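Here's a quick walk through one protein chain and the ligand that comes with it.

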Amino acid sequence: MKHVLEEIENKFEVFQVLNQDGEIVNKENVPDLSDDELKELMTRMVYTRVLDQRSIALNRQGRLGFYAPTAGQEASQIASHFALEKQDFILPGYRDVPQLIWHGLPLYQAFLFSKGHFHGNQMPEGVNALSPQIIIGAQYVQAAGVALGMKLRGKDAVAVTYTGDGGTSQGDFYEGINFAGAYNAPAIFFIQNNYFAISVPVEKQTAAKTLAQKAVAAGIEGYQVDGMDPLAVYAVTEHARKRAINGGGPTLIETLTYRYGPHTMAGDDPTRYRTKDLDSEWEKRDPLVRFRTYLENKNVWSEEQENEVIERAKEDIKEAIKKADAYPKQKVTELIENMYENLPYNLEEQLKEYRERESN
Ligand SMILES: Cc1ncc(C[n+]2csc(CCOP(=O)(O)OP(=O)(O)O)c2C)c(N)n1
Ligand SMILES: [Mg+2]
């Protein structure tokens, strides 16, 4: 009898283009990006790192609410988004606010989302996205549906969703990839494998050797990618997008990455479940460090340019948090009105009551 599982598992190799020393190790798969595009990608990653640092500080000052740190995951988040187009539809998880921002969600609205204000969930016209999903895995089912809708309408666009390693244990994960496979829907499913679901290590999450191999049972393409390598993440996303648009069906992409910070700012202490050695092993793979080395060697990036980006990000954040702080507080009536298209009778009663209270 053949050992099919072992055979399949061994076929999933980590796809890498740029190693941790910033050297190209996979010439035939270097994405076709101009110097300006490379600079823009670096700019976005640096900006996002600053946003993360500032968001953590603002949370500690009590000016932000819910926040899930992103440092370490920039290549997975920003380089995947960089391969998308404006018409693509994004269904993010709670840690994926950066992709929303680069898709067009204004910063002050991202801050309002953090503060629990409904306006943070209202995508501006032309920003094709849902607000971040808190229910682990639910966005996978929704992404399959959005992708099928795009296919039926003949759109040249894809639905893109993100979950974590822990998310792959949810029923919704399997339902989403299976449905999208069955309907050959143009979807890209990302798993950002940062090796922990809060404190639970991925080895306790599943017996599977890779998360990418879960694509096999759904009959879709699956890749395992170095999630600290922006060029690899970009290349594989661009490939998956082209395939989907050309009727090739959905793709599951596992990015191997790490979150340097705590799970969220609500009291998680990573030192209780991760070692310093593991942290520093991953810091050596930092996506900003290796991309900076690569770009500096190509003479398309400098410390001066990076400092400009850092200053611009700080200024933008200052303005945006000011605007979010000054934004009118949400009313109970607005909460009710924004929840349903047709109100159930009990909420209709409460709405009336709150309208009276608020007018006094
Ligand atoms: C259905 C569901 N169950 C449990 C939770 C609580 N919860 C929030 S985050 C999380 C861990 C998710 O880990 P992972 O999918 O690896 O994503 P990461 O936070 O590492 O990005 C859990 C269990 C939830 N939000 N939804
Ligand atoms: Mg995780």
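## Layout and ligand shell

UniProt puts the feature "domain: Dehydrogenase E1 component" at residues 43-332, in an unreviewed entry; UniProt positions follow the numbering used here, feature names are shortened, and annotations may be inferred rather than shown by experiment. This is a predicted model, where local features need pLDDT of at least 70 and side-chain atom pairs count only at pLDDT 80 or more, while totals for chains, interfaces and linings use all residues. Residues are numbered from 1 along each chain as its sequence is written, with chains lettered from A and ligands numbered from 1 in the order in which they are written.

Residues 43-332 are 48% helix and 11% strand, and the end C-alpha atoms of that span sit 40 Å apart. Helices (H or I, at least four residues) and strands (E, at least two) are DSSP runs, numbered from the N terminus. The chain splits into domain 1 (4-328) and domain 2 (330-360), with bounds from an automatic or database domain assignment. Taken over C-alpha atoms, the centres of domain 1 and domain 2 are 36 Å apart.

Now for ligand 1. It has 15 residues around it, the closest being Ile136, Gly164, Gly166, Gly167 and Ala197; a residue counts as near if its C-beta atom, placed from the backbone, lies within 6 Å of the molecule. Strand 3 (159-164) and strand 5 (196-197) each bring at least two residues to that shell. By class, the shell around ligand 1 holds 6 nonpolar, 7 polar and 2 charged residues. Here Ala, Val, Leu, Ile, Met, Phe, Trp, Tyr, Cys and Pro are nonpolar, Asp, Glu, Lys and Arg are charged, and the others, Gly among them, are polar.

## Helix 7 and what follows

Helix 7 has 12 residues and runs 16 Å from its first C-alpha to its last, close to the expected 16 Å (1.5 Å times one less than its number of residues). Phe173, Gly176, Ile177, Phe179, Ala180 and Gly181 of helix 7 are buried, meaning 20 or more other C-beta atoms lie within 10 Å of their own; 12 or fewer makes a residue exposed, anything in between partly exposed, and C-beta atoms are placed from the backbone. The buried residues of helix 7 pack against helix 6 (138-152), strand 3, strand 4, helix 9 (214-218) and strand 8 (251-256).

Just after helix 7, asparagine 184 takes a positive phi of about 50°. Asparagine 184 belongs to the loop between helix 7 (171-182) and strand 4 (187-193). Asparagine 299 also has a positive phi, near 65°, in a residue other than glycine, and its place is in the loop between helix 12 (287-297) and helix 13 (303-326).

| Residue | Class | Other C-beta atoms within 10 Å |
|---|---|---|
| Asparagine 184 | partly exposed | 17 |
| Asparagine 299 | exposed | 8 |
| Arginine 290 | buried | 23 |
| Arginine 243 | partly exposed | 17 |

What does arginine 290 touch, residues up to four places away in sequence not counted? Arginine 290, which lies in helix 12, touches Leu18, Gln20, Asp21 and Gly22; contact means C-beta atoms, placed from the backbone, within 7 Å.

Arginine 243 sits in helix 10 (residues 230-245). Leaving aside neighbours within four places in sequence, arginine 243 contacts Gly248 and Thr251.

Definitions and conventions. Two residues are in contact if their C-beta atoms, placed from the backbone, lie within 7 Å.
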